[in-house]
Amino acid sequence: MRILKPALMRRPVWHLPEHMATPENVWLSRRQLLAGAGALAGVSLLPRRTLALDDEPVATAEEIAANHNNFVEFGTTKKVARAARALKTSSWTLTVDGEVEQPLTIALEDIGKRLPIEDRLYRHRCVETWALVVPWRGFAFHHLAKLVTPKPAAKYVQFTSFLDPAVAPRQKPGWFSSMPWPYREGLTLAEAVHGLTFIATGAYGRDDIAPSMGAPLRLVVPWKYGFKSAKSIDRITFLSEKPVSFWEELQGDEYGFWANINPAVDHPRWSQAEERQLGTEEYYPTRLYNGYAEAVAPLYAGMKLPDEVLFR
């Protein structure tokens, strides 16, 4: 299993001061909390690193990131934060199965004991053309892959979100129940074990994520459109065949497996040449692979991709 690590980007600086990754008021509040309460057990005691591509990254304010989301289980507007509070994560477990040598079921509180936790600052680009920058906390997916040891037959990885109609209004019986729940997304194995692919367990200097942002486990693939970032994951399955994702099954003429950010390939209903930064509301040219092309373009070198690259 070959892992492409972030070091291949040949950037001179990956270790950045934490105040550059997190708004100052958030960072100071966390420092005061730790000073008053003492160091937290488990993952919070592990060394932190802040990783980014830009020399001077600027994080989007948490209030904006937590209150502008696509989380269709809780609603079809961007204002789902209140409804998402119903999601309970206290007894959450993650199951890893499929084409692996050591299938695994692990409790949320044990993840930090078995996997190296770090901080990373990543850009996020939605297919709807809005964008932001979020400081995540979590672990590189390839560490989890090493725990379960993919079999030679494993070629793809499927990420499955929770299914609980008692909690998620859109999963209840009715019109939305005809949607292909639970939410699923997929990557090739090579994409999944790339050094940039990340499972977020926290954000903004904390060891947890706002429910609206995908608590307690969220996939972060920074060079792909945001619908690839499966939220509230409770199962990860290694597969020999390419899975069909939620949006691909629901609307495959617009949302497909690859979903790589490419300003030259438009969505069927709008241009992808520009993006709007939440918070500043400024527009910028969209960057190939969301600016991570140097790191991830080798994943697709020589591949005969579908005629759309992004969709289907």
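Trainee: Which residue in β10 is the bridge partner of Gly-98?
Mentor: Strands (E, at least two residues) are DSSP runs numbered from the N terminus, and two strands pair if DSSP finds at least two bridges between them. Here the partner of Gly-98 in β10 is Phe-238. Strand β2 (residues 93-98) and strand β10 (residues 233-239) run in the parallel sense, over 4 bridges. This is a predicted model, where local features need pLDDT of at least 70, side-chain atom pairs count only at pLDDT 80 or more, and totals for chains, interfaces and linings use all residues. Residues are numbered from 1 along each chain as its sequence is written, and side-chain values use heavy atoms, without hydrogens and water.

Trainee: In which sense do β6 and β10 pair?
Mentor: Antiparallel: strand β6 (residues 156-161) and β10 share 6 bridges. One of the pairs joins Thr-160 to Arg-235 in β10.

Trainee: And how many cavities of 30 Å³ or more does the structure hold?
Mentor: Rolling a probe the size of a water molecule over the atoms shows where empty space is left. On a 1 Å grid over the protein atoms alone, a cavity is a set of points where a 1.4 Å probe fits but cannot get out, and lining residues have an atom within 4 Å of a point. A volume is the space filled by probe spheres set on the points, which are joined across faces, edges and corners. This structure has 3 such cavities. The largest cavity holds about 60 Å³ of space, and its lining includes Tyr-122, Trp-136 and Ser-229. Both β4 (118-125) and β9 (218-220) give two or more residues to that lining.

Key: 1 Å grid on protein atoms, 1.4 Å probe; cavity = no way out; pocket = protein on both sides within 12 Å on 5 of 7 lines; lining within 4 Å.
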